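Work through the following exercises with the sequence and the model in view, and try each task before reading its solution.

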Amino acid sequence: MNIDSIQNGVVIDHITAGKGMKLVELLGLNESELSVAIIKNVHSRKMGKKDIIKIDADIPFNLDVIGYVDPEATVDIIRNGKLVEKKRIGQPEILKGVIRCKNPRCITSVEQELKHIFKLVDGEYRCIYCETKAD
Ligand code: ZN
């Protein structure tokens, strides 16, 4: 794809350099059939270096994932080749189904269909069931 001419899609910009790959993995984009470009270590006047992800498809996705990986990232929505919306994400208070609790004794590892939910407490995400810290 020509990454500079997305017609309908999403550009995740201002990602802290090095976090682009993690974001792609958590969004499940590395396993998808979509046309996705990760541009790493782009020179940025404001940030020094940054990563950018371009998705050439009009897909809904979980903005909380982006806020979890990098609250400073911005999301540009492109329709018909034009920027129609620029979103700032910020740090989500609650993460639902974004990351998994690693505690083997947590109820979420017994009740498989239970959603993994984390809450932001003092700048850290903790499982709402067992209070295990997310890493
Ligand atoms: Zn837990």
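**Exercise 1.** Find how much space lies in the largest pocket of this predicted model, and describe which residues line the largest pocket.

*Solution.* Begin with the volume: the largest pocket holds about 190 Å³ of space. Next, look at the residues that line the pocket, which include Lys22, Leu26 and Tyr68 as well as Ile99, Arg100, Phe118 and Asp135. Finally, compare the lining with the domain bounds, and you will find that domain 1 (9-88) and domain 2 (94-127) each contribute at least three residues to the lining.

**Exercise 2.** Identify the protein donors of the zinc ion and determine the geometry of the site.

*Solution.* Start with the donor atoms, which are the SG atoms of Cys101, Cys106, Cys127 and Cys130, at 2.2 to 2.3 Å from the zinc ion. Read along the chain, the donors follow the spacing C-x4-C-x20-C-x2-C. Then turn to the angles among the 4 donor atoms, which run from 102 to 113°. Four donors count as tetrahedral if all angles lie between 85 and 135 degrees, so the site of the zinc ion is tetrahedral.

**Exercise 3.** Decide whether Cys106 and Cys127 are buried or exposed, and state how many disulfides the structure holds.

*Solution.* The cut-off needed here is that buried means under 20% relative accessible area. Cys106 counts as buried because its relative accessibility is 1%, and Cys127 is likewise buried, with a relative accessible area of 2%. Cys101 is also buried. For the last step, recall that a disulfide is a covalent bond between the sulfur atoms of two cysteines; the structure holds 0 disulfides.

How values were computed
Residues are numbered from 1 along each chain as its sequence is written. This is a predicted model: local features need pLDDT of at least 70, side-chain atom pairs count only at pLDDT 80 or more; totals for chains, interfaces and linings use all residues. Side-chain values use heavy atoms; hydrogens and water are left out. On a 1 Å grid over the protein atoms alone, a cavity is a set of points where a 1.4 Å probe fits but cannot get out, and a pocket is an open set with protein on both sides within 12 Å along at least five of seven lines; lining residues have an atom within 4 Å of a point. Grid points are joined across faces, edges and corners, and a volume is the space filled by probe spheres set on the points. Domain bounds come from an automatic or database domain assignment. Donors are N, O and S atoms within 2.8 Å of the metal (3.2 Å for Na, K and Ca); water is not among the atoms, so sites may look incomplete. Four donors count as tetrahedral if all angles lie between 85 and 135 degrees; four count as square planar and six as octahedral if opposite donors are over 155 degrees apart and all others between 65 and 115; anything else is irregular. Buried means under 20% relative accessible area, exposed over 50%, partly exposed in between (1.4 Å probe, protein chains only). A disulfide is a pair of cysteine sulfur atoms within 2.5 Å.
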